Amino acid sequence: MATLDGGGNNNNYAEELAVGCMLSIRTTLGDQFEGQVVTFDRSSNILVLQEGFKHGGTRRNIRLLKTNYIKDFTFLGQADDPLDPTNCYLDLNALQSREELALRQAEADAERIGVGVTSEAQSIFDALSKTLPVRWDKTVIVVMNEVRVSSPYNSESVIGGTPAANDRVKKVLELERKRLQLRGTGGQ
């Protein structure tokens, strides 16, 4: 097992950090993982590792790691350059699909964040969204496309919808307000 000094001086370990080396790494933060060295940038002390080399699968993760955070590592062996064009294959269609899915998810997540609302209003929205379909209409929470909850987001500010839907939204609001009040008074 080799260790790196805290200053990031890795000159003694140039062979272990060479492209293609397979390492078991333990970080100063307590993480432990195995990876294959893709490259090492001495000027920034950043090690680029490919995880998942053991499983032989097509899906692998790339991890950028500042060497100052490496507590110790074990040299597991040497393999071919992971970026060798004769052995390297990127499925661009799969990558593009993953990117599109991530973008759609990010857009959906962004729509769930109210603009110009308090953190309390956002907490109420989040609580309602756990059990009911909700969306923002500017600063008004729209529940089930029929019940509207406006500021100050309490039972009296609930309008519209069927009596059953209206009562359900009021009940969730009351429970969330109690939870927020307990959290605010230190009763976590």
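**A charge over a ring**

Start by selecting R63 and F33: R63 lies over the face of F33, 3.7 Å from the ring centre. Bear in mind as you click around that this is a predicted model.

Now for the largest nonpolar core, which has 19 residues. Pick L128, I141, V143, V149, Y153 and V169, the ones with the most contacts inside this core. Colour by element next: α2 (119–129), β7 (134–137), β8 (140–143), β9 (147–149) and α3 each give two or more residues to it. Which element gives the largest share? That's α3, with five residues.

Zoom in on V149 and show its neighbours. Leaving out residues up to four places away in sequence, V149 touches T139, V140, I141, V143, S157, V158, V169 and L173.

**The aromatic pair**

There is one aromatic pair in the structure. Select F125 and W136: their ring centres are 4.8 Å apart and the planes sit at 10°, so the pair is stacked. F125 belongs to helix α2 and W136 to strand β7, so the pair ties together parts eleven residues apart in sequence. Both are buried, F125 at a relative accessible area of 0% and W136 at 13%.

**Last stop: E176**

Head to helix α3 (residues 163–184) and select E176. Is E176 buried or exposed? Buried, because its relative accessibility is 7%, and the cut-off is under 20%. Its side chain makes a polar contact with the side chain of R179 at 2.5 Å. Beyond four places in sequence, E176 touches S123, I124 and A127.

How values were computed:
Residues are numbered from 1 along each chain as its sequence is written. This is a predicted model: local features need pLDDT of at least 70, side-chain atom pairs count only at pLDDT 80 or more; totals for chains, interfaces and linings use all residues. Side-chain values use heavy atoms; hydrogens and water are left out. Helices (H or I, at least four residues) and strands (E, at least two) are DSSP runs, numbered from the N terminus. Buried means under 20% relative accessible area, exposed over 50%, partly exposed in between (1.4 Å probe, protein chains only). A polar contact is a pair of N or O atoms within 3.5 Å; within protein, one must be able to donate a hydrogen and the other to accept it, and residues adjacent in sequence count only if both atoms are side-chain atoms. Contact means heavy atoms within 4.5 Å. A nonpolar core is a set of buried Ala, Val, Leu, Ile, Met, Phe, Trp, Tyr and Cys residues joined through side-chain atoms within 4.5 Å. Rings of Phe, Tyr and Trp (its six-membered ring) pair if their centres lie within 6.5 Å; planes under 30 degrees apart count as stacked, over 60 as edge-to-face and the rest as tilted. A charge sits over a ring if NZ of Lys or CZ of Arg is within 6 Å of the ring centre and within 35 degrees of the ring normal.
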